[in-house]
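Here is a short briefing to read with the structure open beside you. Take a moment to turn the model around, then follow the points below.

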Amino acid sequence: MARTFDAVSLEILWNRLINITDEAATALVRTSFSPVIREFHDYACALFDRRGRLVAHSTFTTPGLLGILPPVAKNLCAAFPPETLEPGDVLITNDPWLASGHLIDITVGAPIFRAGAIVGYCICVVHHLDIGGRMATLESRDIYEEGLKIPPSKLYRAGRESEDIVNFVRANVRAADKVVGDLRAQVAANHVAMQRLAEFLEDLGWDDYEDLAEAIIGRTDAAMREAIEKLPRGRYAHELFVERVHQSPEPIRLAVAVATGPDEITVDFTGTSEQVAQALNATLPITKSYTMYALKCLLNPAIPNNEGAFLPVRVEVPEGSILNARWPAPTWGRTIIIHYIPEVIFFALAEAVPDKVIGGSGSIPLWYGNMAGQRRDGRRFLTVIAHQGGLGATAAHDGVSCLSFPGNVSNIPVEIAESDAPILYERKALWPDSGGAGRHRGGLGQRIAIRIPEDDIGPGGPVVLGLRGGRSDYPIPGLFGGRPGARAEIRQNGEVMRSGRQLILEPGDLLECDIPGGGGRGAPGERPVEQVVEDVREGYVTAEAAAGEYGVIVDSGTGRRPEPAG
Amino acid sequence: MARYALGCDIGGTFTDFILVDLDTGETFVDKCLTTPDDPTRAVMEGVARLAGRRPGLVATLERVVHGTTLMINAIIERKGAATALVTTEGFRDIVEIGREKRYDVYDIWALFPRPLAPRRWRREVAERVYSDGRVLRPLDEEGARRELRTLAADGVESIAVSLLHAYANPVHEQALETLAREVAPGLFVSLSSDVLPEIREFERTSTTVANAYVKPIAARYLATLIEDLRRAGFRRRLHVMLSSGGVTSAETAQRYPVRVVESGPAGGATAGEFLARGLGAADLLAFDMGGTTAKCCVIIAGRASKTAECEVARIHRFKKGSGIPLKIPMVDLLEIGAGGGSIAHVSSLGLLEVGPDSAGAAPGPACYGRGGAAATVTDADLVLGYLNPDFFLGGEMGLDRDAAARAIGALARPLDLDILAAARGIHEVVTATMAASTKIHVAEKGRDMKTLTLLAFGGAGPVHAYGLARSLKLPRIVVPRAAGVIASLGFLVAPIAFDLVRTYKITVTLARAEAMGAAFEALERDGLAILEAPAAQARYIRTLDMRYVGQGYEVSVAAPPTLDPAALRKAFNAVYQALYGRTYDDVEIEILNLRVVASLPPMPFTWRAPAPAGGTAVKGQRDAWCLDTGRMVPHTVYGRAALAAGFTAPGPAIVEERESTTIIGSHATFAVDEAGSLHVRLA
């Protein structure tokens, strides 16, 4: 007979499973090399049931992996059915169509055995430092240019590491030691998850945890449906445009129609642009990830994520669309497109749930660059540049300045970057007036300036920078009368550059990035005058903008309103 | 003539005192209401009360060690000094931009704390130092003077100076301090190269700004206290407890007040270290559960683990990342949003959740009868029979059992549970929450949980220790006496000690023993100057923060006797192996920081349990929930004051004292040791 769980036991057991994935993540983070793991949390540690259904994942998992986890487990199970697996086997793949949408994310999974039978699976997905190929560029014409592809394979057989696979990886990637080190950290994280799950079952005296998985998935499914039920019924559509990136012929259209049914929700991206030649294409799993993320933020942010959350959500994307590209489309820079998914869904649903959505965000899409070159002594260096824009205003507060969204990436400290690479920051500062005006103001973006030094602290030659960001052509929209945030700009020695292009920076060059702010919310005229005055005093808004956008005259010298005449 | 030591801890509600006769070990405990408008008043009142019982006491005090929540409260309540930041041109917003990462992936509304130095008072000066310490651009002294003058004229009281790479070369920060003295002599100045000479500009600046923010308060407060004590006849130096578990002079605390923020919890951990010695060097999990949060600290081989960072003033449900980061040497405490006041609620999934929202002291749990209607952990503990409604705080405060049952009843209905099941659920869920976080915390230290003894204190600690020990499979619980003033005890047993750090970034291959030895010696000289003691008395512990090149976290490695590459590599590998189970010979290792703890030998200290109060040990019997048998069963109720050393009894039992209640399940026995501690053995 199936076990049943009351409101107390389910809460406790459920949390123990999440705790197991967090303990695995602790092991991963603390043994990894890639800053993308430890600073960006661009990883997931997850537990699955015997059928490969997602039961729990680590708390700090990046939203981009949410929708990846359910299909990747099933795809690995399909490649390696239970009868082909034995204890100590470890599986690996980075196929963007089976897993997380670009080669640099590597999935490492393992069956969990108990008394000779598989009781579930654990998976650890990690964004690696390098996967070979042309490096961080949108200019690759197909997936083959983007690096090493690892088809579903056994990284370990019965506890023995496959030297062949490790050697293949080592031979194909830059920073091979670190990439292999991170792969091993993934294996270690899975090992922790397996051990803890075994202890968990031992404690309870269970042979498996199918009934618990069923209860967790069922309860989540029901909660999602209940939240959907509360939405005003209707079909809500919106579209937005993503600017032309380097070498692409035209802007990209993202169109969405969200239909809220009785207990289901359908998100239909029909009308979205076709896939493109540049490496901007998304595969279906990653599109689903960001769709689910947006819905969870609006519907039920507090519930833990698992297979049940996906059951009432239908995502429809025509094949060949930029959000469901056909193999072998290049995919490296798909975040440039998919980071807009939450925004297009928020704006579609703004009428249905006005109090939950936020204005457009300057941190969409992620600003990210890989910089590589040689030092004067011939050693190679590789560093990451990541600085984000401002968030859109909410119904109750100004947007937060300079905050990663919807990805979750922390910056590399200036002092660390300058110690690790021969570059010099000249500025990293809030950008006044970049947040859209409104009753609530958009968060501010920032201005970054990096010099490639010419003297002996500089590199031994030119530095290659694959930099992406966005929002140079279309305004970052406000909501309900709020004004748009400022637009982005990238300049090399003062000359405006298009995002997505690989830049060659010579010693002496200056790179400047104006990273935009978020959209405002509500009419600027409704903002209390004292808040405008305060913004001018603190320098978040200039006196000119206070007068022009808010109609509030403030003396920029004293930070006060002028005395009334007479 | 008798010689005494006095420990005094100013908390939010009470100021605690513990007085120990250094020759006989006789101990006296007292409490006064804290006087927030002028905290020295409560201190002096308590001292006067103790002196009233022992005339001439103040002149015989050998040591007074003081801890206070004054600094942390100033930061939490934003009542610090008018604080400015002076920084490198182009970087005044570093302290506001932070690390740009959200602390809650799904909460798109989550906010961040405003910096303690407002933007209008964050000023830039033209200058630049490079990561290797060389000056790329000289300091524009005229511009700096101008900015400092404006700030002083604007009413700024305290400035933080934090320049890029100042950890590598402090010359410009020091020049700015000189200029500040010249331009505005009344300004308090904190230099990042002095407060925290460590790489990573946001954390260093945040810490330096926090230091500046509380510096005038600390200076004034400690000066007043020193003067008041002197007038009362105190002839020694006043000492202050640091967050690191060390004690320092009041003068040093005035210079680095940010290091005092967590003095109370550090006292708890230090008391744990002391008690561990009395328990045959048992490895402990110190567990302190109060009204709003619980704190855990691992004590291995008699030493509390340390960390170099913490976060204060969290603005979002105790969530990590929602506070102000401080990099200060600190006892490594895990803080969980689970306390007696934590509120139980039904989640959107229809499950029972507890906390982190807390009813606090006002309105407090429903059973306090002060208007609180939400069901809290304390309400559940009352319904489960753990708390005695007529003996809370020794009977000073009656608890309303009906109000607790009503609050829990309202929660139980939608969950389809009866009141007892819901109360049990609250107790179990809050215990599971604490157990889960504790497991991760211990895992991060690479320790085996099952070897630890649970040391429980704080108001709610001994009530929940049994359930926690059960879920963590810990075999033994110890509940010390004076559990209500345990931090003050820690102040008295802590050594005089000071932690120093310097960034020294170099790969192991390039490291040279001589140069590194000289750098350590320089830190030790600075440490000795702060200890103000003869060189022969000082002890130094050298550690290195090390990592594989490219990693973002460092591990702490005890410095080997020789600092050559081979020895450094070996020392690092041993630590890494213990923590993570493997090492990589093919990856370069680097050193990031050198650390020294300079200390003096601890004061010899013993304390004696008071003779048991007369009367019978057994107060009666009460039905309470038994976690072992899963039902309400009669528990024997003991009055702790009447229990003599050597007393043993089986569970189920409840041991009551003024500040707390210890629960013992039916599958356990307990005993009282010579020091008066309760030892609970779980089956």
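Two strands count as paired here if DSSP finds at least two bridges between them. Keep in mind that this is a predicted model. With that in hand, chain A shows an open sheet of seven strands, paired antiparallel in the order β2-β1-β5-β4-β3-β6-β7.

**The sheet and its edges**
- The edges of the sheet are β2 (54–57) and β7 (160–161) of chain A; each has a single partner strand, so one side of each is left without a neighbour in the sheet.

**Helix against helix**
- α1(A) also packs with helix α5 (residues 176–204) of chain A, at an angle of about 155° and with the axes 8 Å apart.
- Angles over 145 degrees count as roughly antiparallel, and that makes α1(A) roughly antiparallel to α5(A).
- The crossing of α1(A) past α5(A) is right-handed.
- Residues making the contact include Leu13(A), Leu17(A), Ile20(A) and Ala24(A) from α1(A), and Ala189(A), Val192(A), Leu197(A) and Phe200(A) from α5(A).
- By class, the residues of this contact between α1(A) and α5(A) are 13 nonpolar, two polar and four charged.
- Among the contact residues you will also find Arg16(A) and Glu23(A) of α1(A), and Arg196(A) and Asp203(A) of α5(A).

Conventions: Residues numbered from 1 in each chain as written. Chains lettered and ligands numbered in written order. Predicted model: local features only at pLDDT ≥ 70, side-chain atom pairs only at ≥ 80, totals over all residues. Heavy atoms only, no water. Helix = DSSP H or I, 4+ residues; strand = E, 2+ residues; numbered from the N terminus. Axes fitted to C-alpha atoms, helices over the stretch in contact; angles between N-to-C directions. Parallel < 35°, antiparallel > 145°, perpendicular 65-115°, else oblique. Left-handed = near helix turned anticlockwise from the far one by under 90°. Contact = heavy atoms within 4.5 Å. Nonpolar A, V, L, I, M, F, W, Y, C, P; charged D, E, K, R; others polar.
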